[in-house]
Amino acid sequence: MLFALSPTQETTGYVAVATLLAIAGVFLLLPRPRGRFVPGGIALLIAAAAVFGTWLYRTFGQPMPDVIGSALFWLFSAGAVVFGTVLVTQRNPARGALAFAFVILSTCGLFLLLAATFLMAATIIIYAGAIVVTFLFVLMLSPSHAPTDENDRSREPLAGALAGFAFVGLVLLALFQTSLTNQRDHLLAQLVTPLEREKLAAAIAQLDAAEKALAGDTSTAVAREQRLAAFDAAFSPVRNALAEVVGVSSAEQIHSPQEGSLPQRLGRLGTVSGGPEKLFRADVAARQTLTQAATVRELLHRVPPTVEAIISMPAAGQPVDVATAQAEVRKLRDAVVLLHGAGLMPARNVANLGYGLYAEHLLAIELAGVLLLVATIGAVAISHRKREPLPTPDAKNAPAGVEGVQ
Amino acid sequence: MTITLWHFLAVATVLFGLGWVGFLTRRNLITMFLCAEMMLQGVAINFVAFAFYHGNLQGQAFVLFLLAVAACEAGIALALFVSLYRRQRSLDSSDWQHLREPGIPVAVDEEPLPAAPDERFPTLPPAGVRPASALGPEEVARV
Amino acid sequence: MSEPTSLALAILALPLAAAVLAWLSAANATTKKLAHLPLILACAAAAVLAVILLGQMLDGHESRYTSEPLTWFAAGQLDVHFTITVDALATVMLGMITFIATFIALFSSGYMHGDRGYARFFAVMSFFVFSMCGLVLANNFLLLVAFWEGVGLCSYLLVGYYFEKPSAAAAARKAFLVTRLGDTGFLLGIFLLWKMGGGHTDLDLLFAHIRDHPPDPGLLTTACLLLFCGAVGKSAQFPLYVWLPDAMEGPTPVSALIHAATMVTAGVYLLARCAPLFVLCPEAQIVVAGVGGITALLAAFLALGQTDLKRILAYSTVSQLGYMFMALGTGGAISPAFAVGAAMFHLFTHAFFKALLFLSAGSVMHAMGNVIDITRFSGLRKVLPITHLTFLCGAAALAGVPLLSGFWSKDLILESLTEASESASPYSAGYFVLFLNACLTAGLTAFYTFRAYFLTFWGPEKIPAEAGDHAHESPRSMTIPLMVLAVGAVFVGGVVQPFTHWFSDFLGTSPSLTETQAPIARAVEHHLNWTLISISASLAIAGIVLAYVLYRDGQEKPLGGIDTLLALSRNKLYVDEVYYALIVRPAEVLAFLVRVFDGFLDGLTRLVAAMPRLLAALIRPLQNGLVQFYALAMALGLTVFVAFVIFRMAR
């Protein structure tokens, strides 16, 4: 930047500019009998989107660690925002409904990026049905092509755009403030940060290499020495990398697990949320992660001596049990893989979601079902056309005995 | 440093805000309804992003309930639109101002609507007769 | 045979059930015509039960039966019981009420025939009988007040029975409000007694407590006088008697039952019940007797000039009630059993002959097309032979013709007054004046009664146009009660009292009359005092003869010197006008001033109220009915709130 600004001032400037541009653009685009200027509005909105994207990129960095994920995120979020804008500013409600369909598709893409496969499918199915019905309504109720009050006028365009985008700007500011202050502790703490994850991934690769280094000729003592040397060469970066994450590097320190980024970060959660009996679900996950880290720590301490013992001092008259040593290394590798995946979405999304819903939210599920039933009945009752009472013949109205009396 | 949650939250906020603007300004009931649904989508992204961040499925379960509520809303809202349309033959939300204070005049739109586009559909001449304008001078002379 | 209290409760329940039945019968046009049946049957059954009760009391082992106290309501120290008591006093009253009510109900079924409010009439009458029986039986002051107000309510409803008529509505209002004046004193008296009586509200406990712990005499006198206020209102004594003549706007059976035989005697009954208190304060007693004397003479004088038959009877009732109070007032000077016995005996006989007179007057009205002015008809002897005879019986009894009921009871009152004037009471001279007053009243009574009789039934036959040309004797359902009551009016007095003293002796068994003895009371023997008998007989006959001389041709004629006096009487001594000028006028002026002030306050209030309205007019355009505008306002508000949170609170 040209001026020396604090991050907050910078963010405020970006957000304010983007908000003002968006207000002006949407104001120009909203349908009105006079004063609507579509190209200008689109230009302003593109500018707003550019400012917004720049801010997002500069402040929070790449959304995904990988290029493909990143590209998909930008694609889907741009799609959602662009088609959302089209829905808001489009004069023709049928086209608006179409734009809404694309908003839904983009949203579902974002869901997929967030590992919510079942929700992606469910949203498409449910909203596709709803959108088709809405299309039918639009075609049925707005047949005319002539300008109408509801399509070609807006209620308070400036004030409405101002209210909406001012709110958006304020929430973005709040997001920024939260991202500054509340990164480390609190319930929102990430179980395994991307940095740690990187280290763990490297460790996994090194462990694979170490396992491979064990295979080979072990018939002679020299060969065994070579094997061990290769193993040590592959294993020592693992030791350092894991020690940074889970905390232990030597035998004396195994009972004081206060170093390493994971225990330092997550170890405080129990005290923050008021002891083990009042754990939130996120804390349970944190606890499991800590346990996993402890396992890794223990294995890290145990594996190298075991492997050394197996390789260097084989039992008399027996070949060196390389397979057992490799199994030991693989055990450590598996533990590290588990730690690497801690906090990531489980693979069986549908099954786990269903289990969670029925195990923990059974009453809420039933209530939602009742709500749907009531809504169905209510919709039928509301839209039911009351039939006019049939005109009763006069003969039936007259009392039966009148003629006889007369 | 890479923190993915904020990106998703920012996008969700923008989507929510756009829906809000549409709900406040557009007058077609169906468009208003779609805008409200878009606000719900913003909220849903929020939930799912947090679920991913926490590494559990609570947020996704919430979104399922959100879907149920949205379905109820759609059913009731469309039924209401039908019955309202039956009364006024219009989907303009400003047609219903009956709940105002006594003595307050009805809000009327002052600017006139633009004229309807003059769409002339082509009319065909009677079958078997060549249109006069399409004839060249020599053919006219021949006839 | 069952418990006396159970019998009494049955007597109480019967008219209540009749009231409910009569009320329900109004739902249907067919059953509405039968609305009189519940009342007649209930009263007849109650009368039979009352006779059984009388038998039990006569050969009973105890002089008083009190029901188990049930808590009616309790608040702090106040614990009010629902208890009833049965003693000789109550039994006599019950028998009299139910017996007379039976025949009046029978009479009403003929008299009210075809009226629009038939069911309403009988429902309220039944409720009245219920309330009256409850009043007689109540053994608790607050319960007594409840029934006291119950009879007042029924009186209001029945006086205003023809509520379409403005005069009837006004009369009902007047009766209610004037009685209310007395009731205020009554309630204050009860509160005072509650304070003095050790927190008891039950009559027997209260009296026993006061007897054992004599309170300050001044305070007790005040309490007695306050109680007497209630009696003055209810029993139409001077100065609150003005409502009773106006109450004649009600149907005649109502006048007979409520305003002659039963309700107006409630005051007398109250004082008889509270005799244990009254005998302890001679000052209160002389006031009671004095007020009674003034009322008796005044009302008798007012009755002289009236031309409305029912009003004459009403004034006569007031006068006779004054007689009873005179007798009650002697209670401290002579033995209370004798004084109360005299008053109650007169009450008893008076109920018969006055009910008879009213019913006869009703019969006359019935035949004359609702005309009641005695100057507009005369010589009805031939037209209404039965009514003529029964009226004569009643009039003779009222006038005190020797050997008839009224003669004996009036004689007993005169005797109690002479005995009191010879007693050691400090007010014996006052009692003597009252005795002379009573003699004068007796003469006047005989005169005005027979004036009405001669003007109605003697002389040339004259029938008003309203009666049409078919003036005839009343139907059987009306004449039979007349005849029964006539027999009662003639004989009942002579049978129960003068030679056997049965009535006084029986009443004397009431514990409330025997337990408390005034310190200076003079014991009185029951004997036939020939001097008194001759005085009262000669007075009665003199009055009758004077009336015969003046009115035997059934016409009023100028009488020279006493015409102005009669005119004064006819105009009720201008008492209503005096009350109007002294009480109503100032109240109206005050009310006008208050209204002006109220208008000022109203203006002030409206001014205050106008301010928020002005402010509201400024922001009212916000409520324009546009849903999206409301949503916009909400969004802007939320935005401001979020901005506040972010820029202020987050720092």
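Over all chains, the structure holds 21 salt bridges, a salt bridge being a side-chain nitrogen of Lys or Arg within 4 Å of a carboxyl oxygen of Asp or Glu. The model is predicted, so local features need pLDDT of at least 70 and side-chain atom pairs count only at pLDDT 80 or more, whereas totals for chains, interfaces and linings use all residues. Residues are numbered from 1 along each chain as its sequence is written, chains are lettered from A and ligands numbered from 1 in the order in which they are written, and side-chain values use heavy atoms, with hydrogens and water left out.

Side chains of opposite charge can pair when their charged atoms come close.

| Asp152(A) | Arg91(A) | 2.8 Å |

The salt bridge between Asp152(A) and Arg91(A) links distant parts of the chain, 61 residues apart: Asp152(A) belongs to helix α6 (residues 149–152) of chain A, and Arg91(A) to the loop between α3 (67–89) and α4 (93–113) of chain A. Helices here are DSSP runs (H or I, at least four residues), numbered from the N terminus. Asp152(A) is buried, at a relative accessible area of 5%, while Arg91(A) is partly exposed, at 32%; buried means under 20% relative accessible area, exposed over 50%, and partly exposed in between, with a 1.4 Å probe and protein chains only.

Glu244(A) is placed in helix α9 (residues 221–246) of chain A and Lys199(A) in helix α8 (residues 194–214) of chain A, so the pair ties together parts that are 45 residues apart in sequence. Glu244(A) counts as partly exposed at 44% relative accessibility, and Lys199(A) is likewise partly exposed, with a relative accessible area of 26%.

Elsewhere, salt bridges that share partners join Asp149(A), Arg153(A), Arg27(B), Asp92(B) and Asp109(B) into one network.

## The interface of chain B and chain A

In this interface, 77 residues of chain B are in contact with 102 residues of chain A, where contact means heavy atoms within 4.5 Å. The two chains bury about 8300 Å² between them, 74% of it on carbon and sulfur atoms; buried area is the accessible area (1.4 Å probe) that two parts lose on being put together, summed over both. On the side of chain B, Trp6(B), His7(B) and Arg26(B) lose the most area to chain A, together 9% of what that side buries.

By class, the side of chain B that touches chain A has 51 nonpolar, 19 polar and 7 charged residues. In this division Ala, Val, Leu, Ile, Met, Phe, Trp, Tyr, Cys and Pro count as nonpolar, Asp, Glu, Lys and Arg as charged, and the others, Gly among them, as polar.

## The interface of chain C and chain A

Here the contact takes 13 residues from chain C and 11 residues from chain A. The area buried between chain C and chain A is about 1000 Å², of which carbon and sulfur atoms give 80%. Within chain C, Leu632(C), Thr639(C) and Ile646(C) lose the most area to chain A, together 42% of what that side buries. Between these chains the count is 0 salt bridges, and the rule finds 0 residue pairs in polar contact with both at pLDDT 80 or more. The residues of chain C that touch chain A divide into 10 nonpolar, 2 polar and 1 charged.

## Asn140(C)

Asn140(C) is placed in the loop between α5 (118–137) and α6 (141–159) of chain C, and is buried, with a relative accessible area of 0%. A polar contact of 2.7 Å joins the side chains of Asn140(C) and Asp202(C). Leaving aside neighbours within four places in sequence, Asn140(C) is in contact with Val80(C), His81(C), Thr83(C), Thr201(C), Asp202(C) and Leu203(C).

Note on methods
A polar contact is a pair of N or O atoms within 3.5 Å; within protein, one must be able to donate a hydrogen and the other to accept it, and residues adjacent in sequence count only if both atoms are side-chain atoms. Helices (H or I, at least four residues) and strands (E, at least two) are DSSP runs, numbered from the N terminus.
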